[in-house]
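The sequence and the coordinates come next, and the description follows them.

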Amino acid sequence: MLVRLLYASRANTPMDEAALSTILKQSREHNPSEGITGLLCYADGIFIQVLEGGRDAINARYKAIVSDTRHHDVILLSYEEVSERQFAGWSMGSVNLQRLNPGLVLKYSESAKLDPYRMSGKTLVSLFHELVSSGAIVCS
């Protein structure tokens, strides 16, 4: 059974480009063998991540995420059974913040600042879809 999970969290310390690249590299190496796909966004000290895959694999990954000491205030924004993946093209895609249009964020949010703690999970999934369509997702 496929599920989609979306969460947000706050970094304990600011992440530089190298640290974020390490997280993405590890995800891209491990996710294919576990059947996990998804997207990661890091902006202004906040992580937003959508994960898709088998229920057991996603649940185990989320359990590890919640106990990860690199962040806190982990909040589950959405968890649903799905019939198909919407972010299947990435073992772990990353949002290119230079291509993040503030007008697009404003379409789904109270302000042009991306704040998942003030947005619904459904709204964030819709925003991620538009980011995919706009070419703002980086993968390697």
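Strand S1 (residues 2-11) pairs with S4 in the antiparallel sense, and nine bridges join the two in this predicted model. Within that pairing, Arg-10 stands opposite His-72 in S4. The two strands belong to an open sheet of six strands with mixed pairing, in which the order is S4-S1-S3-S2-S5-S6. S4 and S6 stand at the edges and each has a single partner strand, so one side of each is left without a neighbour in the sheet. Helix H4 (residues 121-134) lies across S1, S2, S3, S4, S5 and S6, and its direction makes an angle of about 95 degrees with S1.

Strand S4 (residues 71-82) contains Ser-78, and Leu-77 is also found in this strand. Ser-78 is buried, with a relative accessible area of 15%, and Leu-77 likewise counts as buried, at 19% relative accessibility. Because buried means under 20% relative accessible area, the value of 19% places Leu-77 on the buried side of the cut-off. Leaving aside residues up to four places away in sequence, Ser-78 touches Arg-4, Leu-5, Leu-6 and Gly-121, while Leu-77 is in contact with Leu-6, Tyr-7, Ala-8, Pro-116, Met-119, Gly-121 and Leu-124. The C-alpha atoms of Leu-77 and Trp-90, although 13 residues apart along the chain, are separated by 21 Å.

Strand S3 holds Glu-52, a residue that is buried with a relative accessible area of 0%. The side chain of Glu-52 reaches the backbone nitrogen of Phe-87 at 2.8 Å. Beyond its neighbours within four places in sequence, Glu-52 has contacts that include Val-3, Arg-4, Gly-35, Ile-58 and the stretch Arg-85, Gln-86, Phe-87 and Ala-88. Ala-88 lies 36 residues from Glu-52 along the chain, and the C-alpha atoms of the two are separated by 7.8 Å.

Helix H1 (residues 17-34) has 18 residues and spans 26 Å from its first C-alpha to its last, close to the 26 Å expected at 1.5 Å a residue. An α-helix has 3.6 residues a turn, so residues three or four places apart point the same way. H1 is followed by Gly-35, whose phi is positive, near 70 degrees.

Positive phi values also occur away from glycine. Most residues other than glycine have a negative phi, whereas Asp-44 has a positive phi, near 50 degrees, and Asp-73 has one near 55 degrees. Asp-44 is found in the loop between S2 and S3, and Asp-73 in strand S4. Asp-44 is exposed, whereas Asp-73 is partly exposed.

The table gathers the accessibility of residues discussed above.

| Residue | Relative accessible area |
|---|---|
| Glu-52 | 0%, buried |
| Ser-78 | 15%, buried |
| Leu-77 | 19%, buried |
| Asp-73 | 42%, partly exposed |
| Asp-44 | 61%, exposed |

Notes:
Residues numbered from 1 in each chain as written. Predicted model: local features only at pLDDT ≥ 70, side-chain atom pairs only at ≥ 80, totals over all residues. Heavy atoms only, no water. Helix = DSSP H or I, 4+ residues; strand = E, 2+ residues; numbered from the N terminus. Expected span 1.5 Å × (residues − 1). Buried < 20%, exposed > 50% of the residue type's maximum accessible area, 1.4 Å probe, protein only. Contact = heavy atoms within 4.5 Å. Pairing = 2+ DSSP bridges. Axes fitted to C-alpha atoms, helices over the stretch in contact; angles between N-to-C directions. Polar contact = N/O pair within 3.5 Å; in protein donor to acceptor, adjacent residues only side chain to side chain.
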